[in-house]
Amino acid sequence: MFNQLAVIGCGLMGGSFALALKRAGLVRRVIGYSKSPSTTEKAKRLGVIDTAAESALLAVSGSDIVLISVPVAASEATFKAIRHLVEPGVLLMDVGSTKRDVVDAARRVLKDRVASFVPAHPIAGKEVAGVEHADAMLYAGRQVILTPLAQTDPKLVQKATDVWAAIGCQVLKMSPENHDAAFAAVSHLPHLLAFAYFSSIAKQPAGKDFLSLAGPGFRDFTRIAASDPAVWRDILLANREEVLKQSMRFRHTLDALEHVIRSGNAEALEDLIRSASEARAGWQMNTPKPGALR
């Protein structure tokens, strides 16, 4: 049981974490801060938080667990705002989709107080933003990746593991570098492709007509193209090196497919399609091999 949770960024992710801890009986009081006072007032009205703080620093005051749920580009400024009240024993976490940049910012700003920081990335979310969409069950049955630093207090790493497990998460640990490489491949590149693909259809002269004929396959394939633009701008820029590596790999594979189509080589085309089809048929979500992501 925590005495007080501070949520900095009372949107979907932060709000859902607060509701999940309340539902599990893990926290007595939740205090929230967002740049927009209307957001914290809405969070209070919806019962997501109990009290609205006037600043991030005041939210952290008296809190024994702190969750930073802001765009990754705002992480460093947030660390600067709260560093003076990050006391030993306080569990400080984030929910950013990139980790190397956030960890580097934490080292620069928090210095010796970085021992309290347990970077986290819950693999959950929706295509809609805002505290009004917060859901106590958002994290249930999902994975969360922890990327603790060498300086992180092991007791706080265990405490973070216990908290996420208590709200229904499968907890994995890996380095920030391996995290960013992995998620460039399975999350960041798919978003980049979805944005590009949908735009390429919509901007054609007959784009509206084409879209009127699209069915469930197109809907499912392009679902993530509706994701929050500001959030994904920050993610793609923060992890640009790994995203561009994965984009290059995809480009090579697409080139190979285009080549056999252009040459009319039906056998080679079928082989390439079969290879992908069989690999996809054998894949299951959320079943990483032990140690594979470390």
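I began with Met 93. Leaving aside neighbours within four places in sequence, Met 93 is in contact (heavy atoms within 4.5 Å) with Phe 17, Ile 65, Val 66, Leu 67, Ile 68, Phe 117, Val 118, Ala 160 and Trp 164.

I noted the ground rules. This is a predicted model, where local features need pLDDT of at least 70 and side-chain atom pairs count only at pLDDT 80 or more, while totals for chains, interfaces and linings use all residues. Residues are numbered from 1 along each chain as its sequence is written, and side-chain values use heavy atoms, with hydrogens and water left out.

Next I looked up the largest nonpolar core. Such a core is a set of buried Ala, Val, Leu, Ile, Met, Phe, Trp, Tyr and Cys residues joined through side-chain atoms within 4.5 Å. Buried means under 20% relative accessible area, with a 1.4 Å probe and protein chains only. The core has 39 residues, and Met 93 is among those that touch the most other members, as are Phe 17 and Trp 164. Helix H1 (12-23) is one of the contributing elements. H1 gives the largest share, 7 residues. Helices are DSSP runs (H or I, at least four residues), numbered from the N terminus.

Then I checked the cysteines. I found 0 disulfides, a disulfide being a pair of cysteine sulfur atoms within 2.5 Å. For Cys 10, the nearest cysteine sulfur is that of Cys 169, 19 Å away. Cys 10 counts as buried because its relative accessibility is 1%. Cys 169 is buried too, at 9%.

How values were computed:
Buried means under 20% relative accessible area, exposed over 50%, partly exposed in between (1.4 Å probe, protein chains only). Helices (H or I, at least four residues) and strands (E, at least two) are DSSP runs, numbered from the N terminus.
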